[in-house]
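Thanks for coming, everyone. I'd like to walk you through one model today, so please have a look at the screen first.

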Amino acid sequence: MSNELFIKSLSTLKELQEVQQLETLVWGMDSIPTHQTLTAVKNGGIVLGGYINDQLVGFQYSFPGFKDGKVFLCSHLLAIHPDYQKKGYGKLLKLAQREEARKKGYDLISWTYDPLESVNAHLNIGKLKAICRTYMEDCYGKLEGSLNEGLSTDRFMVEWYINQDNQKDQELHRQVTHLVTIEKDEQGFPFIKDYWLDTYEEVIAIPIPTEIQKIKKESLSLAMDWRSKTREIFQALFAKGYVVVGIERNKEDNIQHYILKKQN
């Protein structure tokens, strides 16, 4: 039995029905109708499936977007079967998406994710080298499913310029200024004790917890505190022209930092 992921474009009704089943399993809410996904792939959209031993274990769904006179690819859903998560398959699907998008003539892929989800942040900003300068407050309203339950659906909207050299300046991590003071509560969970936004430093770091779902389950009030305070911080910094350009991780800690740089 092989653990190698085989990725292909999906376009048949049977394939998209399998995607529906996996979407419901992973996200815990009603799936997108196949008549929508089928129409999307026939009109510039992309649905990719990742298979191991002929079993669908992951998928990525995207469709064309249009803003300010330009067409881009709107990446809507990425899901990996729970038994196959944290193996790098999400990154492989995104890289395959980039290649398919290039073939179709796109140069920008954009999508949203919860900025408090550290694994997604590490993939989107850390590995794929996307950037973010847009904070969307309660973007989707109330959503079903345990992943979204309890918190407002705030989102980062990221931009992935797939035809540019997205290598980040590694020197950023050596000159960073931290604007937030973190302490731990009686359960060992990190919380924001203090922060300040009056800064003119070129490179700054903003923390998020690495286990927001665990915090939400054990202490919803603390999770809500993380949401409200980071919302204020990111909205203020984006308004000043800062852009999220990197991730700083410490495996021995339960905090992960976004690296922001003043936009030229």
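I'll go through the helices, then the strands, and finish with a few single residues.

A word on where this comes from: it is a predicted model, so local features need a pLDDT of at least 70 and side-chain atom pairs count only at pLDDT 80 or more, while totals for chains, interfaces and linings use all residues. Residues are numbered from 1 along each chain as its sequence is written, and side-chain values use heavy atoms, with hydrogens and water left out.

Let's start with helix α1, residues 13–27, and helix α2, residues 34–41. As a reminder, two packed helices are described by the angle between their axes and the distance between the axes. For α1 and α2, the axes come within 10 Å and cross at roughly 125 degrees. Axes are lines fitted to C-alpha atoms, for helices over the stretch in contact, with angles from 0 to 180 degrees between N-to-C directions. That makes α1 and α2 oblique to each other; under 35 degrees would count as roughly parallel, over 145 as roughly antiparallel, 65 to 115 as roughly perpendicular, and the rest is oblique. The crossing of α1 and α2 is right-handed, meaning that the near helix is turned clockwise from the far one by less than a right angle.

Next, helix α3, residues 89–103. The expected span is 1.5 Å times one less than the number of residues. Which residues of α3 are buried? They are Y89, G90, L93, K94, Q97, E100 and A101. Buried means under 20% relative accessible area, exposed means over 50%, and partly exposed is in between, with a 1.4 Å probe and protein chains only. Just after α3 comes G105, with a positive phi of about 95 degrees.

In helix α4, residues 118–127, the buried set is S118, A121, L123, N124, I125 and G126. K129 follows α4 and has a positive phi, near 70 degrees.

Helix α6 covers residues 220–239, and its 20 residues should span 28 Å, which agrees with the 28 Å between its end C-alpha atoms. Among its buried residues are W226, R227, R231, F234 and F238. Just after α6, G241 takes a positive phi of about 100 degrees.

Now the strands. Two strands pair if DSSP finds at least two bridges between them. Strand β9, residues 180–184, pairs with strand β10, residues 190–195, in the antiparallel sense over 5 bridges. V180, for example, has Y195 in β10 as its bridge partner. Together β9 and β10 form a hairpin with 5 residues between them, and G188 in the turn has a positive phi of about 90 degrees.

Strand β13, residues 255–262, is joined to β12 by 7 antiparallel bridges. It also pairs with strand β11, residues 203–209, again antiparallel and over 7 bridges. In β13, Y258 partners I206, H257 partners E248 and I259 partners G246. Because 6 of its 8 residues are buried, β13 is largely enclosed by the rest of the structure. Strand β12, residues 242–249, is mostly covered too, with 6 of its 8 residues buried.

Finally, the single residues. Most residues other than glycine have a negative phi, and most peptide bonds are trans. D68 is exposed, at 71% relative accessible area. D138, in the loop between β6 and β7, has a positive phi near 45 degrees and counts as partly exposed at 37% relative accessibility.

L5, in the segment before β1, is buried at 13% relative accessible area. Its C-alpha atom is separated by 9.6 Å from that of G49, 44 residues apart along the chain.

Note on methods:
Helices (H or I, at least four residues) and strands (E, at least two) are DSSP runs, numbered from the N terminus.
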